[in-house]
Each structure stands twice: as C-alpha cells, then as structure tokens.
Amino acid sequence: MVELEKEVLPLPPRYRFRDLLLGDWQADDRVQVEFYVNENTFKERLKLFFIKNQRSSLRVRLFNFSLKVLSCLLYMVRVLLDDPQEGRGGWSLIIWVDRPLPLWALQVLVAFISFSETMLLVYLSYKGNIWEQVLRVPFILEMISTVPFVITVCVPSLRNLFIPVFLNCWLAKHALENMINDLHRAIQRTHSAMFNQVLILICTLVCLMFTCICGIQHLERAGNNLTLFDSLYFCVVTFSTVGFGDVTPRIWPSQLLVVIMICVALIVLPVQFEQLAFLWMERQKSGGNYSRYRAQTEKHVVLCVSCLKIDLLMDFLNEFYAHPRLQDYYVVILCPAEMDVQVRRVLQIPLWAQRVIYLQGSALKDQDLMRAKMDDAEACFILSNRFEVDRIAADHQTILRAWAVKDFAPNCPLYVQILKPESKFHVKFADHVVCEEEFKYAMLALNCVCPATSTLITLLIHSSRGQEGGPSSADQWQRTYSRCSANEVFHIRLEESKFFGEYQGKSFTFASFHAHKKYGVCLMGVRTLDTANILLNPGPCHIMAASDTCFYINISKEENSAFIRGHTESLRGPSRGLGGASHTIYHGLTRLPVHSIIASMGTVAMDLPDSDSVEGGAGGVANTLALPVVPDSVRERRHSIGPVLELVDGVSGPSLDLLSDQSEDEGGEGEDQESGAEGHTWAGHSEWVKGYPLNSPYIGSSPTLCHLLREKVPFCCLRLDKACRHVPCEDARSYGFKNKLIIVSAESAGNGLYNFLVPLRAYYRPRKELNPIVLLLESPPETYFLEAICWFPMVFYTVGSIDNLDSLLRCGITFADTMVVVDKESSIIAEEDYMADAKTIVNVQTLFRLFPTLSIITELTHPANMRFMQFKAKDHYSLALSRLEKKEREKGSNLVFMFRLPFAAGKVFSVSMLDTLLYQSYVKDYMISITRLLLGLDSTPGSGFLCAMKITEDDLWIRTYGRLYQKLCSSTGDIPIGIYRTESRTLSVSESQVSINVEDYEDTREPREPLLCRTGPTHRNSTSSEPPPASVASSSSGADHPLLRRKSMQWARRLSRKGGRGPSGAKGPTGAAERISQQRLTLFRRSERQELNALVRTRMKHLGLSPSGYNEKADQGNTLSYVLINPSPDTHLELHDVVYLIRPDPLSMVPSRGGGRGDGHKPDLRESTHL
C-alpha cells in the first residue's frame, strides 16, 4: 500500500482548489464549441434559406411569382408590337415572330434567372431519384419557356423563334399556391380551406382562358389574324356555350387547340367544382369562422355545449333575447357534434339566422376558440350534457372546457352549469356557477313544506309577458295566474328609485309595506354598499340607506314604468281603512304573551284601546293570524291592524326577551312531547341540539345551522325496515311518529341528496313540525353518505324500488304525506326522445291509483311530458288545457307548460327549467344568489328564509292581501311574496253530465253495498280501523266542494225516482234475480277500486304490516291549485290559501354578547309557521 501511495502523482496545478477559485485554469484549457441546428454545409444552408425557413422561402416564392407574371406581360407586349402582315406568309407565321431587340434582352434575362432558380431548387430537392424531379409538370413547363431563350443567346439566328412563354401562367399559379401556404405558415395563422379552394378554382379558370386566348391568337396569325381582344371574345363566347359564330378559327391547328382546351376544361373544372362543393358542405357543417371585424364592432356571447338539443337551444334563445338590451348581440354556438336537423331548421328562420352562428369545434382547441373569437366575447356559457349516461364524465368534460376557456381568454366572464355538487369545487373561479343537483334537491325538499315552491321559483326566473292564456280566457284563475306569472326580480339603487327613494332612513319593513301599498311592488331584499352579500328581508332593524341596492318583485322594472298619480291613489284607496288600533299578536311566529309583544313594539301599545283587557289572552288557534280570546263584551269590536313603524327603537334588548321567553316554552313543552313520543325509539340518540353538520359528503357545501343529534346514530339504526339491538322497530308505525313521513325515491344516494335533508332540518323549523324522512334507494348507500346523514334526526333509508309494492309498503307509504320521485339517471338516455320519462310516469300513475290521497312530487327530464302526469283520457278540462298549450307554443311563449295543472300545483318539476337561471344571470347577476337564499342552499347572516303559512277561518278577518301585508309587517316583520291558492274546478254542463253518466253513476247503488258484503266477507276485515267508505267521505266533504254537493243531489233525485220500482215493487223470483243482476253489475263497475284496495291490504298482511294506516278514499280530482306571485293589495284572501313568506333571520335579532350566529346550541329561536 505504501508503494502504491508513492506512485500516485500529485494533481496538476489546474486542479488545485486555489486555482479553481482564482480561475487561472480557464485561460489555458477553454475550447469554444459551436453548435449548429442544421448541417454546416453549403447545400444545407441553401436549403435552409430557400425551403426550410418560412420567411425567406416566402420571399423566394414571391420573387418567383413576380418573374412568371412579368414573363406573361412581356409576351403580351410582344404580341401587341407584332404585325404579321409585314413578315412572311403561310405557316411560317406560326414558327417565326417579330421580337424587338430590347424586348428580347428582357425576356432572355427573365428566362435565365428563372432557369437558374429552377435548377437550384432541383439540386436542393434531390433525394437520389433524378427522374422524380425531371418528370414533374412544373419542371417541364419551365424548360419549355426558358431553355429556348438560352439557346437564342448562342444562336442569334433563332432570336425570332416563337417560344410559348404564355405557359408561365401555370407556373405562376403553382407559385401562388405555395406562396399562400408559406404566408399562413409564417404568420402562424390558420386559414380556411374554402379560401384556398376558391383561389385555386379562380386561378385555374384564368390560366385556361389565358392559355386559350394566347394559343388561338398565335395560331390564327396564319388564318384570320385575330387580335388579343378578338381571341378573348371568341373564348368567352365558346366557353359560355353561347357560340355566336361571328369569330371562328380557320386553320386546323387552331381548331385542334380549341377542341383540346374544351376537353381540358370539361375534365379539370368539374373536379375543381366538386372539391369546392365538398368544402362548402363541410363548411356548412362546421360553421366557418366568426368575423374578426364583426367581433370588434359587434357584441357576441359564446355558448359551449357538447350536444345541442332543440329544447336547450330554444330555451337559451328565448330567455337571452327576452331582454331589450341584448337584441343586438350575436350568439356563437361552439359544439363538437354535427348540427342536428331540427337545430338546422330552426337556425334557418330569419329571426335567428341573422343573430345565431353555429361553429362545429371543441373548446379544448385554441383554433376553434379563435374561430369563435372567444377573447372578444362578452360572456361564455358552458353547459353540461345532462343526457350523458355517465354524469361524472360529463362534469369532467365541462371542467376541462372551463379551464380551456379561462386559459385562452382569462378576462371573459364564465357562466358554468355543473351536474354533480362534488364537481363544483373545480370551477369556483367561474363568475357564476349553477349546480343542477343542488338546486334540484333543495327545490324538491321545499316543495314538501312550502307547496309549489318549484313553480314559484320557475316563474320568477323565467321572462314572461304576462299575456299567456290571453286576457279573454274563460277561466278567472287563468287570467289571474297569467298576469301574476309576469312578475320577476329586479334591482335598483335606492337614491335613484321613485319606488323606494322616499323611504331613505326608514326601516326595511316600512319601506316594503308602503311600496307595495302605493306602487304594488314587493321589496324583498337589499344589498348594502359595504358588503357583497344580498340580505332577504333583513327585518325592521335594517335602516334603508341611499347607497343600498333594492331587490323587488314586479311585472316590469322601474325604468320601464309610467307613474300615473290617479292610479296610485286608487291603489291606495282600499287600504285607507287599515289604520286604527293595533293588535300585534301573531301566533305563527312568536306565540308569546301579549304584554311581551306590546313591549317590543314600543309606541304601538299606546295606540291599543283597553290593552289591559287584551293582555290575558293566550288563546286562539296556533299558527294563525287570529286575535287572542277576549271577553264577549269586547268581541263586537272591529278587528284592526297596527301601523308599520318607520323606525323600531329598542328592539335588540326586548327581542332577546322575546326569544328567551319562547325558548322556555319550547324547552318545557316541546322536549317533553318529543321525549314522551319518541324517546323509546331513539334510546340515547334522542337529545337534539342546533349546530352545523360535522360531515359533508362533498367539498363546497354551504354551512347551514340545523337540528342535529348530540350523538350520531349507528348505521344499523338508519335502516327503517330492519330492527337492530338499539331500536327494535321494523316499520314506520312502530316508531310512533307524530308527523307524517316524507319519502324520497332515488336510484342511489348521491351527494346531491344531502341538499334534500338540510332545508328540512334547518334551525328555523320547529321541532314539532319536522317530518320523518325516508330514503327509498335502489342500491345501498355508501359509508360516507351514512356518515353525513347519521347526525340528522328522524332520517332513515330503505332499499327497494318504486315499482315494487312491497318496497313501498315497507318504507311506510301508508303513513306518508308526501312522496318525492327523483328521475333516474340510468333512464335519461332513450332511443326515442322524450321516452326517458316513460318508466317514471307509469310508476307515478300506478302510485296515484294505489294511493290516491298521497301527494306525489315528480321530477321529469323533459317538461313536455308534464301532460302525462295523472293522465285521464276523458278529462275534458285537461284537453282544453292541451289546446291552450298548443296555442301558446305557436305564439312562441317561454312557458308553454305553465297552465298544465300538475305544474301549476307544483306536483311536477323538470330540472331543465333551471337552465334559464344561468341565462338570466348575464343580465341579473344576483339571481343565482337570491335563488340559493330562497331555497336554503346558502345562509347569509342577517338574511331571511322562505316559509309558508296557511289561511284558516280565524284568519279571514284580514280580508285582503294588502291588509295581510300590513299585519305581517307591523307584527312579525314577515314579507309576503305570493299565494298558493286551491279552488274547486268548475266544469261545463256537458262535462259534468258526462262525468256523472259515465263515471259516477255507480255510486247511486252504494246503499246496497252491505248486501254484497255478505257474499264477500274478505272485505270486512279490520273494519274498525278502516277509514269510512268513499261515499261517506264524499258526503261529509260536500260542504267544501260544491260540485260534489250538486252531484249528490242528482244522485238522490235519481234514487227517489227509482224507489217505486225497487225491491218492494218486485216480488218472487223475478225480483230476486233482478237484485242479483243489479248487484253483479254494481260489483263489475266497482271492481277496479276494490281490487286495488284488496291488493294493498293483502300485501300488507303478507308483510306483517297493519293495514290501519291505509286510506281507501279516492281522490275526487275536482280541485286545481296555482301560484300567484305578488298579487295586488286588494286581492281577497280565501280559505286554505297558503301565503309564501320571507321571514327575517331569528338570530339577527340576538345581541352580539349572546354569541351571534356562531353559537349553534342556543335554543332562543322563534317558531315559524310551515305546512
């Protein structure tokens, strides 16, 4: 080892650390190395300059094109200077020409340059096969037009030899094509294939004509001696197939040339035209380009879709162009699919042909985004394909489109529609996002507690003229319903408003009531200058400021309104008698003693006459507007409503007392009821708290304060139809629920279903009014979903299908009040359009026949299928509505289905109705926020919530909607926005006769039903627990339905007429046979209803379920329901009207020292009035 170490030489000086630091070694050993992109040879450098380099090759081709054009011009100059009469005669005129010396010198120079360039390009393009270069047509033409000139230099006697220089036109055409390709390649811009083909066609025609003109002129030097103009005239006449015959070729060479040129034209031109036609058809499919000049001078929006359907297109166009300021906008549709036949037919209509441009392309390609001029667009709408089998894959495509557009045009506003709520997280950068499943499930949930919420929201987000149905409609409800459907949400700044400007410095409720009383507009929310959040009904504590933005419901916005003083006075007239003494008891919200309410309202107590006599009452019907129970001596006093105060002083302190008093009542009374009724079923999980859900199934859900369980329920206890060691119950009856069930039928437990539970378990809903929720799922839910719902009280699930009667009975459908049928994702795709809803419609029809008293809310894919809901073939009223719908469709209405009874009643909903919400957001950027607040998807501190109250007999003293508005504003701060009205359907005389003769005639024999029961004892099981028969029920409800009362009188008269010929009149075997045949006939006519009842009861007994909850009463079907948005103040209230309210946030009245909104376990919440 020692020897080896001795042999190791020391490092050279350049590797020493000191030298590395000083850098002395660099001066000695650094070698310069040059790197070449191409080979460093003369040929490669020439190839780089002449061929490979885009800009230099473009210059070379432009120079080549100029040379060819110059040679053709020199040939024409030679023809014009030549005089064949001065030279020889005969055929020598074709071979020899007269060429001046200067002209000859120019032509020789041009030919030499062209020849040198051609040979150089052949040398640079040579790849081993010389014949490939030599036998090319451009090379042959180049040799014909240049080599003879080079020869004339060496042989002066050949200087006047004819050389066909005019053939250089074809070389010029070839150079022009190459030059255009290099031009677009150099400037990095795409060009249209249509432009290239048109250019080639034009150049081909020009070259054919120029060749024929020059050839005929030269050959006719030995014949007619034609000029260039005569040759031009002859060629035009010949090629246009006119053939006057005044100019004709005389010698056979010229005649042969004409024949050759015609043959060439017949071969070449059809090929060119065919390619041009093919490109034209392809361009029609792809849509071409959106003009850059138009994009800079006009405004346009881009609609990106993966599959364009005619319904989607018409909804977008009708809603987008419903606003006057958008009439001059262009709509550019960017779709990867070929244009559908129906879409093509619509876009050919002159109304849309001038404003809608269809481009076939992908949003993921920058070239297609450039075609659509996305960087100059005012907005981009990206819609998901809800008809995709895999909805998650459809969302992924939408996300990529949104990313691509944002990357290409970062300043373009994005309006994105997404399907799944878990995908919303990826497109939060968009300006506006609508998640379909979030809105859908929240709307279906509110439909269960606030009837027809889906219809209310749909009418608000649709632009309507208010003329649907026609002002001369025969039915009063259609006229009223149509007029109120024109109401929309608008906004205006307070200081610029005539509606609300005079209420600056006043309370919000004061401004809302007086604006409705004076102008008929409904002020529903505000947005302050220092915050971007919209507050729905912030309550009487909010003082209106000049900088506030007011959101109101009206038929038209204020800028389009004309103010007529006499009309406003007439509107004010009916409400003048609303003053006087104020009774501010509203049991629906507070249910508090009178002295607490009087203390909270400040000076209102001073206006109450004999307030000491009113104090003691705590009675009245719960959840009504009735006054408290007073002595008989005071009952004759006319009921009055207190004025709405301009400013509410001292609300913060007393309001806390109000809430605390109520909370004591709730804690002392409500909890005892719940523990006594349901404590045995929930064991240790019965204690409820108010807080925010701990587990959300997806990212991006808005936190909402809800009713929760202190301890989560074990997963085994969530199964309704199976007992476990914690809960021994196996059906809905054993749980002993006080309220009826809400059943949701869905294909699977998706993340969107979570938004169905949150609005129904919101903190502002009283505990005693919460309905148990049962999820009927076709496949078992995943663990993450169970983890999210196990904190909510009274939420269960069962596994089954809606088309299975046993599954329906196991989930407790006989104890249900409402059933929500969600459209199945697997059935969205159908071979035939509009057949996607077939299974859902038939299943719902079966449910309607089996359980006629059940309220069924159905989601459909296509709104046009609403006409099949609860279908009755012989219902003349439905047929009349069908004719009305056809008329509205011909008029181009946006809501052709609005008069369909299931839609008007809120029993059917299509998620495609929400598409207009995204379209309206371009003009009204606040519509998505307001809709989310109304549906309970967002909970902004200080913002109110949507609820409903029902008008009872004790509330009819209010009389009109305007008085109700004042009552609510003066007592509780609620803002009414509409009415859900149910009334008897009036039938024509012919229709009533048909329905009696065909359908209801068998009911005249109901008194003889007990005779049939002797032969059918199976129908008398459990009679004590069964509801009364349909006849008894109908007779008892005759007071509510005039039509039923009229029918029953006709039945009674018919029975009295037949009484003389009854069984007492017929004796012997003939009378008995008559009775048996009559009973058999009655049994035949009544068999369908009895079979359905027997089927349900038999299956319930087979499953071990008690049939006591099954109601056999048939739905009479003679009522209709509809929504009135913002009716006039003088609209009379009717019994069973449901009023939509925006109730102020209870927590907004709590002082900050109480914990504010963050304290989720505070019980000081006011009860609300819901259905």
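## Overview

How many salt bridges does the structure hold? The structure holds 24 of them, a salt bridge being a side-chain nitrogen of Lys or Arg within 4 Å of a carboxyl oxygen of Asp or Glu. The model is a predicted one, in which local features need pLDDT of at least 70 and side-chain atom pairs count only at pLDDT 80 or more, while totals for chains, interfaces and linings use all residues. Residues are numbered from 1 along each chain as its sequence is written, and side-chain values use heavy atoms, with hydrogens and water left out.

The protein has 44 helices and 22 strands; helices (H or I, at least four residues) and strands (E, at least two) are DSSP runs, numbered from the N terminus. Of its 1171 residues, 52% count as buried. Here buried means under 20% relative accessible area, exposed means over 50%, and partly exposed lies in between, with a 1.4 Å probe and protein chains only. Among contacts (heavy atoms within 4.5 Å) between residues at least 6 apart in sequence, 77% join residues at least 24 apart.

## Two packed helices

Helix H4 (residues 42-52) packs against helix H5 (residues 54-81) at an angle of about 70°, and their axes are 6 Å apart. Axes are lines fitted to C-alpha atoms, for helices over the stretch in contact, and angles run from 0 to 180 degrees between N-to-C directions. H4 and H5 are therefore roughly perpendicular to each other; angles under 35 degrees count as roughly parallel, over 145 as roughly antiparallel, 65 to 115 as roughly perpendicular and the rest as oblique.

On the H4 side, Leu48, Phe49, Phe50, Ile51 and Lys52 meet Gln54, Ser56, Ser57 and Val60 of H5. The residues of this contact divide into five nonpolar, three polar and one charged. In this division, Ala, Val, Leu, Ile, Met, Phe, Trp, Tyr, Cys and Pro count as nonpolar, Asp, Glu, Lys and Arg as charged, and the others, Gly among them, as polar.

## A four-stranded sheet

Strands of a sheet pair through backbone hydrogen bonds, either parallel or antiparallel. In this model, four strands form an open sheet in the order S7-S10-S8-S9, with antiparallel pairing; two strands pair if DSSP finds at least two bridges between them. Strand S7 (488-493) and strand S9 (535-536) stand at the edges, each with a single partner strand, so one side of each is left without a neighbour in the sheet.

Strand S8 (residues 522-527) pairs with S9 in the antiparallel sense over two bridges. Gly525 stands opposite Leu536 in S9.

Side chains of opposite charge can pair when their charged atoms come close. In the salt bridge of Asp82 with Arg221, the closest N and O atoms are 2.0 Å apart. Asp82 lies in the loop between H5 and helix H6 (92-95) and Arg221 in the loop between helix H11 (193-219) and helix H12 (228-239), so the pair ties together parts that are 139 residues apart in sequence. Asp82 is buried, at a relative accessible area of 10%, and Arg221 is buried at 7%.

Glu438 forms a salt bridge with Arg932, with 3.0 Å between the closest N and O atoms. Glu438 lies in helix H20 (residues 436-449) and Arg932 in helix H37 (residues 927-935), so the pair ties together parts that are 494 residues apart in sequence. Lys440 and Glu859 also meet in a salt bridge (3.6 Å, N to O); Lys440 is in helix H20 and Glu859 in strand S17 (residues 855-860), 419 residues apart.
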